[in-house]
Amino acid sequence: MKAALLYGIRDLRLEEVEIPEVGPGEILVRVRAATTCGTDLKIYRRGYVGGIIKYPQPFGHEWAGDVVKVGEGVEGIEEGMRIRAGNSTPCYRCSMCRKGYYNLCENRTWLWGSYAEYVKVPAPIVKHNLQILPPHLSYAEAAITEPLACVLHGALKAGVKLGDTVAIIGAGPIGILHCQLAKRMGADKVIIGDMVEERLKVAEKWADVTVNVSEEDLTARVREETDGLGADVVIEAVGLPETWQKALELVSKGGTVLEFGGCPSGTKIEVDTQLLHYGEVTLLGTFHATPEEFTKAFNLISSGVIDVKPLITREVPLSEIKEVFDRILPSKRDLKVAIIP
Ligand SMILES: [Zn+2]
Ligand SMILES: [Zn+2]
């Protein structure tokens, strides 16, 4: 089969490899769509994620496809079923899992390698993080379960509530998912800022206010839109220390700042102690999602409560994957590209 393997920073190769053998509890899936993710672009450009990436690394983690082989002992999954599965599952045994922090599991089973014709799903993921697609749901839409699960995890922790004003930095796929979810969670006004007009155009469908930050200062606009108070919840969806810093300028007293985007390791931000003390501002980061949140995210997509279709701005065959990472994604005009193996 054809599979994209990452050999190092910016060194992605499409190779002919063996179709994986299926062991007990595992399944083999013919990938029908694999969506690109900001995390993939980060890994492509700067390596990353403490210990998770080992070269040559099978690449891609958001996908859906058809079951073609079912290992011994698998229950409820049959050949021909349309499914998607998560990129990880917790162990349910480590100290973090015992505390209920399943997204922080220290002994997670990972699954990478969806930019390929076939993907083998490990037994623990078959058991704990797999969903069957209803007939109306496309493969590419189902693939977006993973980022939505992470967004859901963040939004629940940030505690967006009825009547809140929410300010979002970044109108990429993550920012737009946060925007939709915040409205569904009852936000009264969502203000979203980005530099790319094409992205703001998509965000307009849900956001109350879009701000092109190359023309207008986001802090001034958020203050103006909130009678000088600032937003109840601020969400950073870019993943740069500058925008993490900027997020602190947008928050109201008593509000919450969710620093959602992952920054390069070794980076730092400065926090005004007065903001946290006299302003009682809550500052938090979130990572990944729990299997329960994966299931909820999948249901939100398949019921149409969250509309992920506008996020898929292009379809490209697997043979052109290099082009996607070298040119299409860096231009930032596209949101998510569906890779079709
Ligand atoms: Zn992702
Ligand atoms: Zn664990």
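Two residues are in contact if their C-beta atoms, placed from the backbone, lie within 7 Å. Helices (H or I, at least four residues) and strands (E, at least two) are DSSP runs, numbered from the N terminus. The model is a predicted one, in which local features need pLDDT of at least 70 and side-chain atom pairs count only at pLDDT 80 or more, while totals for chains, interfaces and linings use all residues. Residues are numbered from 1 along each chain as its sequence is written, and chains are lettered from A and ligands numbered from 1 in the order in which they are written.

**Helix α1**

A residue is buried if 20 or more other C-beta atoms lie within 10 Å of its own, exposed if 12 or fewer, and partly exposed in between. In helix α1 (residues 38–46), Gly38, Thr39, Asp40, Ile43 and Tyr44 are buried. These buried residues pack against β1, β2, α6 (173–184) and α12 (321–328).

**Sheets**

Two strands pair if DSSP finds at least two bridges between them. Strands β2, β1 and β4 form an open sheet in the order β2-β1-β4, with antiparallel pairing. Because β2 (11–16) and β4 (57–58) are at the edges with a single partner strand each, one side of each has no neighbour in the sheet. A second open sheet has six strands in the order β13-β12-β11-β14-β15-β16, with parallel pairing. Its edge strands are β13 (209–212) and β16 (282–285), each with a single partner, so one side of each is left without a neighbour in the sheet. Neighbouring strands of this sheet are turned by 15° against each other on average, direction ignored; axes are lines fitted to C-alpha atoms, for helices over the stretch in contact, and angles run from 0 to 180 degrees between N-to-C directions.

| Helix | Strands touched | Angle |
|---|---|---|
| α5 (residues 145–158) | β14, β15 and β16 | about 155° with β15 |

Bridges can be given for a pair in each sheet. Strand β1 (residues 2–8) is joined to β2 by six bridges and runs antiparallel to β2; Ala4 has Leu14 of β2 as its bridge partner. Strands β14 (residues 231–236) and β15 (residues 251–259) run parallel and share five bridges, and Val233 is partnered by Thr256 in β15.

**Leu276**

Leu276 belongs to helix α10 (residues 273–277). This residue is partly exposed because 14 other C-beta atoms lie within 10 Å. Apart from neighbours within four places in sequence, Leu276 is in contact with Val271, Val281 and Leu283. Its C-alpha atom is separated by 36 Å from that of Gly86, 190 residues apart along the chain.
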